[in-house]
Amino acid sequence: MSALNELHEEIRHCQKCELARYRNRAVPGEGAEDAEIMFIGEAPGQHEDQQGRPFVGPAGKFLEELLGLINLKRQQVYIANVIKCRPQGNRDPLLQEVIACRPWLERQIELISPQIIVTLGRYSMALFFPQKSIGKIHGTAEKRDGVIYYAMYHPAAALHQYSLKETIKADMLKIPQLLAQVKNMPEAEKEPEIKQLNMFGV
Ligand code: URA
């Protein structure tokens, strides 16, 4: 079994927070182990909880449509969530649930080692762009240690608020250019800062 599949198995048996008592299935994440782009949503909804797969309900349908705009299929990217189990009644995740679940996401990022991390919605954005507002930073990217972090609205937001649909499409269409940028980045820039400091013996 690959390290990623082993991690998925661990997540399926997680008992780190109360959500484990109410779930039908945990939703570890899925996609290509060597994905260049990783999408991180909020938490499983009802459909995801039933199937154990991320983004398989209406928001997932729209995410697939968005991926199609940049000629990608969901199997070519990796899709995960901040929270791996459905909060009852789709309530917002609690801070202690985000904290309990975070190590899973960190291990996923480590194993996938994506070039671009796309945050979908406020909860995912808050992990990587703390104190920022989605209305201000959607469609903007930040490069850290050779990885591009890119914030987008959650696809479900466009289903509730029709006017966001074109905005989220336009934001998705910027991704290929970001990917090209990260691929053309000199190797030295991709090294984590700590390694560069070490090279100078600091
Ligand atoms: N919304 C999410 O944030 N994640 C899912 O997996 C489904 C809907």
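**A tour of the ligand site**

In this predicted model, the shell around the ligand consists of three nonpolar, three polar and two charged residues. To display that shell, select G41, E42, A43, E48, P54, F55, N81 and H154. Nonpolar here includes Ala, Phe and Pro, while Glu counts as charged and Gly as polar.

Next, show the pocket surface: the ligand sits in the largest pocket.

Start at E42, where a polar backbone atom is 2.7 Å from an oxygen atom of the ligand. Move on to A43; a polar backbone atom of this residue is 3.1 Å from a nitrogen atom of the ligand. Then select F55, which has a backbone N or O atom 2.9 Å from an oxygen atom of the ligand. The protein buries 92% of the 240 Å² that the ligand exposes when taken alone.

Finally, colour the chain by pLDDT. The mean is 93, and 94% of the residues reach 70 or more. Select residues 194–202: pLDDT stays under 50 there, and the model has four contacts beyond four places in sequence for this stretch. Where pLDDT is low, predicted coordinates should not be read in detail.

Terms used:
Residues are numbered from 1 along each chain as its sequence is written. This is a predicted model: local features need pLDDT of at least 70, side-chain atom pairs count only at pLDDT 80 or more; totals for chains, interfaces and linings use all residues. Side-chain values use heavy atoms; hydrogens and water are left out. pLDDT is the predictor's confidence in each residue, from 0 to 100. Contact means heavy atoms within 4.5 Å. A residue is near a molecule or strand if one of its heavy atoms lies within 4 Å of it. A polar contact is a pair of N or O atoms within 3.5 Å; within protein, one must be able to donate a hydrogen and the other to accept it, and residues adjacent in sequence count only if both atoms are side-chain atoms. Accessible areas come from the Shrake-Rupley method with a 1.4 Å probe; for residues, only the protein chains shown count as cover. On a 1 Å grid over the protein atoms alone, a cavity is a set of points where a 1.4 Å probe fits but cannot get out, and a pocket is an open set with protein on both sides within 12 Å along at least five of seven lines; lining residues have an atom within 4 Å of a point. A molecule sits in a cavity or pocket if more than half of its atoms lie within 2 Å of its grid points.
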